[in-house]
Amino acid sequence: MSGIQMGNFMAFAQKFDFTQYKTLIDVGGSAGLLSLMVARHNAHMRCTSFDLPPVEPVANATIQQFGLSDQVKTASGNFFTMPIPNADVVVMGNILHDWDEENKISLMKKAYDALPANGAFVAIENIIDSERKQNVFGMMMSLNMLIETGTGFDYTFADFNRWANIAGFKSTSIIPLTGPSSAAIAYK
């Protein structure tokens, strides 16, 4: 997943306006690459890669390789069984599409709870166009997720907006990243 998402992480780190934020948590952060890209391009940001305990040593090694341990840390935990740690920006890259609608909304509510007023929740995924005609890769990934997980699927920005509303967010926006991927953003 890190290799697939690297271009998106770099694009997000450069396109998203981080000026009003100071902290970021990457939920399901794996090797910490999203946090590292954000830190590299936004010197004021302090980032945390949050993932299961066995992943923490991998992330710590990657952080050391990039020489950004003053800006990027790790935290271990399970985002289903514990709260998401607080941050100004909560990011999930290729996380929501793993789950059914009920779990997607639950994760978005957990992100909402972790954010301060005006904080941002970001889902970096293959957001499908509303007409389902343009993002063929996103539609194929949705089918792939259904086959792999039994209930997971990719989604449209309209779906994201509906779930964001249910979770309590006040507004949304979308930033195209690389190829078929976008950052769907919900603001608290």
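A crossing of two helices is left-handed if the near helix is turned anticlockwise from the far one by less than a right angle, and right-handed if clockwise. The helices and strands named in this tour are DSSP runs (H or I of at least four residues for helices, E of at least two for strands), numbered from the N terminus.

The model is predicted, so local features need pLDDT of at least 70 and side-chain atom pairs count only at pLDDT 80 or more, while totals for chains, interfaces and linings use all residues. Residues are numbered from 1 along each chain as its sequence is written, and side-chain values use heavy atoms, with hydrogens and water left out.

**Stop 1**

Axes here are lines fitted to C-alpha atoms, for helices over the stretch in contact, and angles run from 0 to 180 degrees between N-to-C directions.

Now show side chains. Glu101, Lys104, Ile105, Met108, Lys109 and Tyr112 of helix 4 meet Phe160, Arg162, Trp163, Ala164, Ile166 and Ala167 of helix 6, where contact means heavy atoms within 4.5 Å. By class this contact has 8 nonpolar, no polar and 4 charged residues. For the classes, Ala, Val, Leu, Ile, Met, Phe, Trp, Tyr, Cys and Pro count as nonpolar, Asp, Glu, Lys and Arg as charged, and the others, Gly among them, as polar.

Is Asp113 buried or exposed? At 59% relative accessibility, Asp113 counts as exposed; buried means under 20% relative accessible area, exposed over 50% and partly exposed in between (1.4 Å probe, protein chains only).

**Stop 2: the loops at either end of helix 4**

Most residues other than glycine have a negative phi. Select Asn94, in the loop between strand 4 (89-93) and helix 4. Asn94 has a positive phi of about 55° although it is not a glycine, and at 8% relative accessibility it counts as buried.

Then select Asn118, in the loop between helix 4 and strand 5. Its phi is also positive, near 70°. Asn118 is partly exposed, with a relative accessible area of 41%.

**Stop 3**

Zoom in on strand 6 and strand 7 (residues 182-187), which pair in the antiparallel sense over 6 bridges. Two strands are counted as paired if DSSP finds at least two bridges between them. Ser171 has Tyr187 of strand 7 as its bridge partner, and Ser173 has Ile185. The hairpin has 5 residues between the strands, and Gly179 there takes a positive phi near 50°.

**Stop 3: helix 2 and helix 3**

Select helix 2 (residues 33-41) and helix 3, which pack at an angle of about 25° with their axes 10 Å apart. That makes helix 2 roughly parallel to helix 3. Helix 2 passes helix 3 in a right-handed crossing. Which residues make the contact? On helix 2 they are Leu33, Leu36, Met37 and Arg40, and on helix 3 they are Thr62, Ile63 and Phe66. By class, the contact has 5 nonpolar, 1 polar and 1 charged residues.

Next, colour helix 2 by accessibility. The buried residues are Leu33, Leu34, Ser35, Leu36, Met37, Val38 and Ala39.

End on Thr62, in helix 3. Thr62 is buried, with a relative accessible area of 11%. Leaving aside its neighbours within four places in sequence, Thr62 is in contact with Ala31, Leu33 and Leu36.

Methods. Parallel < 35°, antiparallel > 145°, perpendicular 65-115°, else oblique.
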